[in-house]
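Colleague: I want to learn how to read a ligand site and a few residues around a fold. Can we go feature by feature?

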Amino acid sequence: MKFSQERQLDKGQNMRLKGKIAIVTGAGQGIGRGIAEVFAHEGADVVINDLTADSRTDEVANNIRNKGRRAIVVPGDVSRRSDVERVFDTAWAELGPVDVLANNAGIETIIPFTELTDEQWEAVTTTNLKSEWMCSQAFCRRLIAEGRKGSIINIGSIQAARVLPGRTHYAPSKLAIEALTRNISAEVGANGIRVNCIHPGLIDTPMIQWVLNRPDILPQVVTQISLGRPGLPAEIGSVAAFLASDEASYVTGQSLYVDGGWVGK
Ligand code: NAD
């Protein structure tokens, strides 16, 4: 199946994040890369986090520098507290006080409920949910100590609202991000920190290539999507940029499905 590429980065540049510094976790590829590049397109300097510093993260950093923005790669496993602290310390030391955090890093495995082990449950829930809690805490503690405002964008999933087989660990880790978002937003709102969540639908990234390459499954999935196609990482990035920007100054505690009309159909 061929799909049109509806949203390219070159369409408009509003500089909605001019002068801001952002951290994007899991930014070496996929949605994280899309968010990092749209943020830079909108004027932000970007800290690119992923598990390793490699040719993928270098490419993202170079794309951002080519837009005239600053970019650094800070590798680290955001499911580990010590790595989280090191990533935030390095960001502050090398780029300065950070304004925006995009909690994007995540993993998905597909395992039938009756076969799921404790280790498999913990790997997914720690990477997807606990990492967003720890990164948000590290970020908010620094902002509050400095008396500065900021914005957090948490990445959830369409699976917060749709059942797919073998996801009894993944789906709860993503639905819980809604509650995490609401509860953190309530505690830090008075400090001028906004917290919102994006639930992406089917987005064309390395994570879901196995779906896009299955002619027996893909048409059945796509007919459930009102716009009739998968989304692009930049289409998540542009919504994240809006939520991160001052245009969304009265938006907090919200979870938004950016799914081409899947949940709504
Ligand atoms: P992806 O696998 O293509 O990219 C994820 C990136 O995160 C990888 O570069 C990976 O190395 C990194 N990462 C994983 N664990 C990490 C850790 N502990 N610390 C730091 N980096 C880590 O995935 P994607 O499709 O771009 O997904 C990004 C986010 O969006 C995930 O949270 C995923 O659950 C969510 N999501 C994706 C889709 C989709 O259709 N692609 C749909 C809904 C939600």
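Modeller: Start with Lys 174: a polar atom of its side chain lies 2.8 Å from an oxygen atom of the ligand. Keep in mind that this is a predicted model.

Colleague: Which polar side-chain atom lies 2.9 Å from an oxygen atom of the ligand?

Modeller: That atom belongs to Gln 29. A polar backbone atom of Gly 201 is 3.2 Å from a ligand oxygen.

Colleague: Which pocket does the space taken by the ligand correspond to?

Modeller: The largest pocket.

Colleague: How many residues surround the ligand, and which are the closest?

Modeller: Here a residue counts if one of its heavy atoms lies within 4 Å. There are 29 such residues around the ligand. The closest are Ile 31, Asp 50, Asn 104, Tyr 170 and Thr 205.

Colleague: How does that shell split by class?

Modeller: Sort each residue as nonpolar, polar or charged. The shell has 13 polar residues, twelve nonpolar ones and four charged ones.

Colleague: Now accessibility. Is Asp 45 buried or exposed?

Modeller: Use the cut-off: buried means under 20% relative accessible area. Asp 45 has 14%, so Asp 45 counts as buried. Asp 45 sits in strand β2, which covers residues 45-48. The side chain of Asp 45 also reaches the backbone nitrogen of Arg 70, at 2.9 Å.

Colleague: And what is the relative accessible area of Leu 101?

Modeller: The value is 0%, so Leu 101 is buried. Leu 101 is found in strand β4, residues 100-103.

Colleague: Why does Glu 85 count as partly exposed?

Modeller: Partly exposed runs between the buried limit of 20% and the exposed limit of 50%. Glu 85 is at 24% relative accessibility, so Glu 85 falls in that band. Its place is in helix α3, residues 81-95.

Colleague: Where does Gly 189 lie?

Modeller: Read the loop from the elements on each side. Gly 189 lies in the loop between α5 and β6, the latter spanning 193-200. The relative accessible area of Gly 189 is 37%, so Gly 189 is partly exposed.

Colleague: What about Thr 52: which loop holds it?

Modeller: The loop between β2 and α2, with α2 at 55-66. Thr 52 is partly exposed because its relative accessible area is 40%.

Colleague: Last feature. How far apart in space are Thr 52 and Gly 28?

Modeller: Read the sequence gap and the C-alpha distance together. Thr 52 and Gly 28 are 24 residues apart in sequence and 8.6 Å apart in space. Gly 189 and Gly 253 are 64 residues apart along the chain, with their C-alpha atoms 9.1 Å apart. For Leu 101 and Ala 61, the gap is 40 residues and the C-alpha separation is 17 Å. Glu 85 and Leu 243 are 158 residues apart in sequence and 25 Å apart, C-alpha to C-alpha.

Note on methods: Residues numbered from 1 in each chain as written. Predicted model: local features only at pLDDT ≥ 70, side-chain atom pairs only at ≥ 80, totals over all residues. Heavy atoms only, no water. Polar contact = N/O pair within 3.5 Å; in protein donor to acceptor, adjacent residues only side chain to side chain. 1 Å grid on protein atoms, 1.4 Å probe; cavity = no way out; pocket = protein on both sides within 12 Å on 5 of 7 lines; lining within 4 Å. Sits in = over half its atoms within 2 Å of the grid points. Nonpolar A, V, L, I, M, F, W, Y, C, P; charged D, E, K, R; others polar. Helix = DSSP H or I, 4+ residues; strand = E, 2+ residues; numbered from the N terminus. Buried < 20%, exposed > 50% of the residue type's maximum accessible area, 1.4 Å probe, protein only.
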